[in-house]
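This report looks at one protein model, beginning with a single residue and ending with the chain as a whole.

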Amino acid sequence: MARTSRALPLGVVGVVAALGLSACGGGNINTSTASGTAGGTSAAKCGDLRIAINPWVGYEANAHVIGYIDKTKLGCNVTYPQLKEEVAWQGMASGSVDTVVENWGHADLTKKYITDGKTVQDAGLTGNEGIIGWYVPEWLATAHPDVLDYQNLNKYASNFATSESGGKGQLLDGDPSYVTNDEALVTNLKLNFKVVFGGSEAAIIAAQRDAQKNKKWLVSYFYEPQWLFNELKMKQVKLPPYTEGCDADPKKVACDYPPYHLNKLIATKFATSGSPAVGLIKNFQWTNDDQNAVAAMIANEKMDPEAAAQKWVDANPDKVAAWLK
């Protein structure tokens, strides 16, 4: 579901600035950051490759590893348009984006662009298993174990309240464009909470670090794969179990998020272009640990994304060779 952008809550602006993480912006289908061009006849054969960057660092890891191989092994001219999820789908349909390399479901967009419009194609699984849920810092789960059951959240609502939550408990979400049912869940589970959008992945990371370090009450939307779990032992709140179809009506959702078998997408025009990059994208598969390793280099070690990709590629020649077959 598309959502409009909102500003960072005042309570997290400072800590996000101090963190200095480079979460990707929204942009539009004409905004891009060049990666560089490999010269020679192979570059002409591959031509341009436009890999959308959705605004979370795990996606950035996928994109830059694929892009680095495309540039150095296949001679592609790679650019990275920084786009929200729905805008990236629109870009594939219009011909300004070639591929999305980590897709989280989006049944409505799948129907519109793949099933009905046939302007986008499924390019296979990434190998990553996606989980979305609500998380609290480890100290809180240890001190109050019952907080891990959503039915007890109202008991502690006042502890979670912030200046942005209007006297209710705060449920901190990230970028408003992310896949989220949280506002419906709060309403339908009758929770005395308000969803507050931090505006980015970086906002959630900063808040969870601060909450663990300074023993603050926090419950936030978060997801895996995610490199931060190597640093912080956040605990997931138990929501009503997911069953097939329980989230069919976005306004009536009262269940947990489904497991996501993350996949790649390619524009139909690109799929039939004869580009050697098509095969690489379809063959690309790695694990949550692989993605987290690259994402941590980018976000935590402050490495340039291409340098992080190069380091991982150099350390994993067998996997890369399999993708290039």
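Where is Ser165 found?

## The site of Ser165

Ser165 sits in the loop that runs between α7 (157–160) and β6 (169–173), where helices (H or I, at least four residues) and strands (E, at least two) are DSSP runs numbered from the N terminus. The model is predicted, so local features need pLDDT of at least 70 and side-chain atom pairs count only at pLDDT 80 or more, while totals for chains, interfaces and linings use all residues. Residues are numbered from 1 along each chain as its sequence is written, and side-chain values use heavy atoms, with hydrogens and water left out.

Ser165 counts as buried because its relative accessibility is 1%; buried means under 20% relative accessible area, with a 1.4 Å probe and protein chains only. A polar atom of the Ser165 side chain lies 2.6 Å from the backbone oxygen of Lys168. When neighbours within four places in sequence are left aside, Ser165 is in contact (heavy atoms within 4.5 Å) with Gln170, Lys194 and Val196.

## The whole chain

The protein has 14 helices and ten strands, and 53% of its 325 residues are buried. Of the contacts between residues at least 6 apart in sequence, 76% join residues at least 24 apart.

Key: Buried < 20%, exposed > 50% of the residue type's maximum accessible area, 1.4 Å probe, protein only. Polar contact = N/O pair within 3.5 Å; in protein donor to acceptor, adjacent residues only side chain to side chain.
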